Amino acid sequence: QATETQTANPVAGQPALPTYLSITGQGTNAAAAGTLTGGQHVNYANSDFAKFNQGFNFIADNANLGNGGKIEFKATLRKNIDGEAQAGEFQNLKWRDVTSVSRSYTNANAATEELTYNVSALGNAYAAKDSGDILSNAQKVAGDHTVAKKIAITAKDAAGNTVKLPDDRIISATSSNYDTAIAATVGTTGWVLGNKAGTADINVIYKTVKDEQKQISIPVTVKSDAVVVAKLVADNSNADLSVGAVKTAAELMDLTVTDNY
């Protein structure tokens, strides 16, 4: 069961909280979850766990940002102690809460919040431009994220809480050595693509939520080591294959492959 609760609006004269804070599902979970506001909840049968695992979006209405309200999401695993549930009969069964987890979010005020910004380390990048026929020409540009590294701007408030920024905030990204690494921006997102083995500094100019411009330089190491599988993770140990469905083994296993970069 997924439940949404909200505190009373702390700002006099502002609209009720459900008008600017809400939760919706992602992917296949979108139709299952709908939009949760004002203490609403949705039940998931054990056959719907895959939808639940698609995740949720926490949304603040652009017209009412920074009103200081708080939204809480609570997921509860419940055991039916009266036998198997039938569709539409959750309310007629006895349930025991097994465990739960909660996360709360505040509609922060960009004008008053003092945030600390950071640019995540880029680590190692693959020498994509110099890779021959391994990648297509379309994949050998910084704006294509097949192998390019995303420049991630993060922010925390004075209490150390992570603050979700409205967009990626990148104004420009340039490389100190384009023979080694290529930097580019697509909209407000910055990307770095490896060219040839070596090191370079990526100079990033980004904008804070107060529209102040800040600059930072982050290193990147480009390697030409062959791409190999570093980790395989399967989320499914078994799956049902309906008649007529065509799926690969990787799809049935929900397989995630991580390479050495």
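This is a predicted model: local features need pLDDT of at least 70, side-chain atom pairs count only at pLDDT 80 or more; totals for chains, interfaces and linings use all residues.
Starting with the chain as a whole, the secondary structure comes to 19 strands and 3 helices. Of the 261 residues, 28% are buried.

Next comes the largest pocket, with a volume of about 1200 Å³. Its lining takes in 35 residues, and those closest to the pocket centre are Thr106, Ala108, Val163, Lys164 and Leu165. Several strands contribute at least two lining residues each, namely S2 (21–25), S5 (56–60), S6 (70–80), S7 (95–106), S11 (153–156) and S12 (162–163). By residue class, the lining of this pocket splits into 17 nonpolar, 10 polar and 8 charged residues.

Finally, there is Val186, which sits in strand S14, a run covering residues 181–186. The relative accessible area of Val186 is 45%, and since buried means under 20% and exposed means over 50%, Val186 counts as partly exposed. Setting aside neighbours within four places in sequence, Val186 makes contact with Gly143 and Trp191. Ala142 is 44 residues away from Val186 in sequence, yet the C-alpha atoms of the two residues are 9.0 Å apart in space.

Definitions and conventions: Residues are numbered from 1 along each chain as its sequence is written. Side-chain values use heavy atoms; hydrogens and water are left out. Helices (H or I, at least four residues) and strands (E, at least two) are DSSP runs, numbered from the N terminus. Buried means under 20% relative accessible area, exposed over 50%, partly exposed in between (1.4 Å probe, protein chains only). On a 1 Å grid over the protein atoms alone, a cavity is a set of points where a 1.4 Å probe fits but cannot get out, and a pocket is an open set with protein on both sides within 12 Å along at least five of seven lines; lining residues have an atom within 4 Å of a point. Grid points are joined across faces, edges and corners, and a volume is the space filled by probe spheres set on the points. Ala, Val, Leu, Ile, Met, Phe, Trp, Tyr, Cys and Pro count as nonpolar, Asp, Glu, Lys and Arg as charged, and the others, Gly among them, as polar. Contact means heavy atoms within 4.5 Å.
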